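This briefing is written to be read with the sequence and the model side by side.

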Amino acid sequence: CMPVAASIDEKIFCVHGGLSPELRALDQIANIRRPTDVPDAGMMCDFLWADPEPHTTGWAESERGVSYTFGPDVVRKFLETHDFDLLVRAHQVVEDGYEFFAGRQLVTIFSAPNYCGEFDNAGAVMSIDETLMCSFHIIKPLSAADIAAAQHAARSMPDRQRPSSGQPSPGGSLQPHKR
């Protein structure tokens with residue numbers, strides 16, 4: 001099973017979505033029965049689907065129709081209570097590939113540039129060194145012309161030459177760029 005959450009040197013808390021109003025002690029995470037289907041409510045659901053919202057104080061219903069949104073105050077309290085310095089999450093398209101929240105106490109990292117072909121977002125990957133210094137590697141989005149050219153090339157390539165799903169395309173791949 002994939003982990004529900006992780007901590008790095010007991011200072012950085014990582015989760016796919018966000019926090020849960022049900023979380024009181026970190027031991028609760030280890031007690032989540034696995035494997036499991038994702039429930040419609042509860043801590044496991046929140047870890048996958050909760051989102052930060054700058055204009056929220058505390059917890060609010062999410063427009064997604066599942067889980068919650070949470071404000072900067074929730075992030076500050078969580079970090080202070082559990083002695084973490086940073087909350088790292090993904091789950092939300094952000095224009096520059098990463099975006100800080102709550103006075104840089106939370107960072108959303110989204111690694112898929114041009115998400116679903118519908119967004120003009122960059123992607124990002126975060127590296128953490130031995131001193132817990134974080135740096136970001138940006139994956140620039142393709143232009144509409146580059147996307148159209150790649151789609152045209154893929155359509156005109158014989159089936160036997162097309163890369164199978166999950167394989168790098170001939171000629172290499174996109175290289176991340178430091179910001």
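Is S62 buried or exposed? S62 is buried, because its relative accessible area is 12%, where buried stands for under 20% relative accessible area, exposed for over 50%, and partly exposed for the range in between, with a 1.4 Å probe and protein chains only. The model is a predicted one, in which local features need pLDDT of at least 70 and side-chain atom pairs count only at pLDDT 80 or more, while totals for chains, interfaces and linings use all residues. Residues are numbered from 1 along each chain as its sequence is written, and side-chain values use heavy atoms, with hydrogens and water left out.

**Overall picture and confidence**

- The protein chain has 4 helices and 11 strands, these being DSSP runs numbered from the N terminus (helices H or I, at least four residues; strands E, at least two).
- Of its 179 residues, 35% count as buried.
- The mean pLDDT of the protein chain is 89, and 88% of its residues reach 70 or more; pLDDT is the predictor's confidence in each residue, from 0 to 100.
- Over residues 165-179 pLDDT stays under 50, and the model has 17 contacts beyond four places in sequence for this stretch, a contact being heavy atoms within 4.5 Å.

**The surroundings of S62**

- S62 is found in the loop between β4 and β5, and its side chain reaches the backbone nitrogen of R64 at 3.1 Å.
- Leaving aside neighbours within four places in sequence, S62 is in contact with D51, S67, Y68 and T69.

**Strands and their pairing**

- An open sheet of 3 strands has the order β3-β5-β4 with mixed pairing, where two strands pair if DSSP finds at least two bridges between them.
- Its edge strands are β3 (51-52) and β4 (59-61), each of which pairs on one side only.
- β4 pairs with β5 (residues 68-70) in the antiparallel sense over 3 bridges, and the bridge partner of W59 in β5 is F70.
- Elsewhere, β9 (residues 123-128) and β10 (residues 134-139) run antiparallel and are joined by 6 bridges, with H137 in β10 as the bridge partner of V125.
- The hairpin of β9 and β10 has 5 residues between the strands, and in this hairpin L132 takes a positive phi near 70°.

**Helix α3**

- P72, V74, V75, F78, L79 and H82 are buried in α3.
- These residues lie on the same side of α3 because they cover an arc of only 160° around the axis, the arc being that of the directions from the helix axis to the C-beta atoms.
- The face turned away from the buried side of α3 carries the exposed residues K77, E80 and T81.
- Among the elements that cover the buried residues of α3 are β2, β4, β5, β6 (86-89), β7 (98-101) and β8 (106-109).
- D83, which follows α3, has a positive phi near 55°.

**Nonpolar cores**

- The largest nonpolar core has 22 residues, of which F13, F47, V75 and L87 touch the most other members; such a core is a set of buried Ala, Val, Leu, Ile, Met, Phe, Trp, Tyr and Cys residues joined through side-chain atoms within 4.5 Å.
- At least two residues of this core come from each of β2 (12-15), α2 (43-49) and α3 (72-82), and α3 gives the largest share, 4 residues.
- Apart from this core lies another, of 12 residues, among them I12, Y98, A124 and M126.
- Not counting residues up to four places away in sequence, F13 touches A5, A6, L19, L26, I29, F78, F84, L86, L87 and V88.

Note on methods. Polar contact = N/O pair within 3.5 Å; in protein donor to acceptor, adjacent residues only side chain to side chain.
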